[in-house]
Amino acid sequence: MKSLDNIRFVLVGTTHPGNIGAAARAMKTMGLSNLHLVTPKIYPSAEATARASGADDVLAKAVVHESLDDALVGCQQVYGMSARLRHLPVPVVDPREAVTHIQQQGDDAEVAIIFGREHSGLTNEELDRCQHLVNIPANADYSSLNLAAAVQVIAYELKMSFDPTIEAGRIGEKRESINADDLEHLYKHFEDSLITIGFLDPEQPKNLMRRLRRLFNRAELDRNELQILHGILRAAEKHRGE
Ligand code: SAH
């Protein structure tokens, strides 16, 4: 499987348009956009658009079908999402196993993942169309997730499998790395400053510098933090004589 675009999410007979919007949002957050709707009860709908939030582009290109057959045209592999484990002669896998299996498909394979109605799930006839049943192993006493939450679980597993990188921009400022020379320079500065301010006795240094090295080596300093430490040391030296 080459691209997430080859994976279509098929929502069958969805009752609440809000769930369609929330499903579109769940998909878009994970980089998916191939949404198909089979006979949705109310669609298009302002509620769907509202719940999609910024994912209304995914809704706008969602394809509406008259039948599940139409939605599955061209698909080699069909995965049916089921909250209830029925005793059917079809293998049941968890989302992670399903995604591993999807990744092993040929580059051009088309895959469908189908989701059932809020109240009644997928019919037996619809499940018959699936080569695999996927069950999210939830609380055995309360195992039915909201439709869009079930979409989110699979979408997240796909994202983690296809492209697990965390965008640097999303975890704050860009950190500029430093090298071994920078660290040596810092330790020298520490040593000099600590002597100047009377914290380190050069006659009896004991293990202080080694301990400080261990501390800062663990910290994976970036350039900004390095400069802050140099600044603190300079300020401490300056105030020494005051
Ligand atoms: N009451 C229905 C569940 C409806 S939830 C039933 O018992 O079948 C709507 C859809 O979300 C389900 O049809 C299924 O596709 C998906 N879903 C919800 N919880 C799930 C779970 N634990 N595992 C797999 N799919 C789930």
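This is a predicted model: local features need pLDDT of at least 70, side-chain atom pairs count only at pLDDT 80 or more; totals for chains, interfaces and linings use all residues.
Let's start with the helices. Two packed helices are described by the angle between their axes and the distance between the axes. The crossing itself is right-handed. On the α5 side, the contact is built from Pro95, Arg96, Val99, Ile102 and Gln103, which meet Val153, Ile154, Glu157, Leu158, Ser161 and Phe162 of α7. Sorted by type, the residues of this contact are seven nonpolar, two polar and two charged.

Now for the second pair. Helix α8 (residues 180–196) packs with helix α9 (residues 208–219) at an angle of about 140°, the axes being 11 Å apart. α8 and α9 are therefore oblique to each other. Here, too, α8 crosses α9 in a right-handed way. From α8, the residues Leu183, Glu184, Tyr187, Phe190, Glu191 and Leu194 touch Leu208, Met209, Leu212, Arg213, Phe216 and Asn217 in α9. This contact has eight nonpolar residues, one polar and three charged.

On to the ligand. It has 19 residues around it, and the closest are Met81, Arg84, Ile136, Ser143 and Leu145.

| Residue | Protein atom | Ligand atom | Distance |
|---|---|---|---|
| Serine 82 | polar backbone atom | nitrogen | 3.3 Å |
| Arginine 84 | side-chain N or O | oxygen | 2.9 Å |
| Glycine 116 | backbone N or O | oxygen | 3.1 Å |

How values were computed:
Residues are numbered from 1 along each chain as its sequence is written. Side-chain values use heavy atoms; hydrogens and water are left out. A crossing is left-handed if the near helix is turned anticlockwise from the far one by less than a right angle, and right-handed if clockwise. Helices (H or I, at least four residues) and strands (E, at least two) are DSSP runs, numbered from the N terminus. Contact means heavy atoms within 4.5 Å. Ala, Val, Leu, Ile, Met, Phe, Trp, Tyr, Cys and Pro count as nonpolar, Asp, Glu, Lys and Arg as charged, and the others, Gly among them, as polar. A residue is near a molecule or strand if one of its heavy atoms lies within 4 Å of it. A polar contact is a pair of N or O atoms within 3.5 Å; within protein, one must be able to donate a hydrogen and the other to accept it, and residues adjacent in sequence count only if both atoms are side-chain atoms. Axes are lines fitted to C-alpha atoms, for helices over the stretch in contact, and angles run from 0 to 180 degrees between N-to-C directions. Angles under 35 degrees count as roughly parallel, over 145 as roughly antiparallel, 65 to 115 as roughly perpendicular and the rest as oblique.
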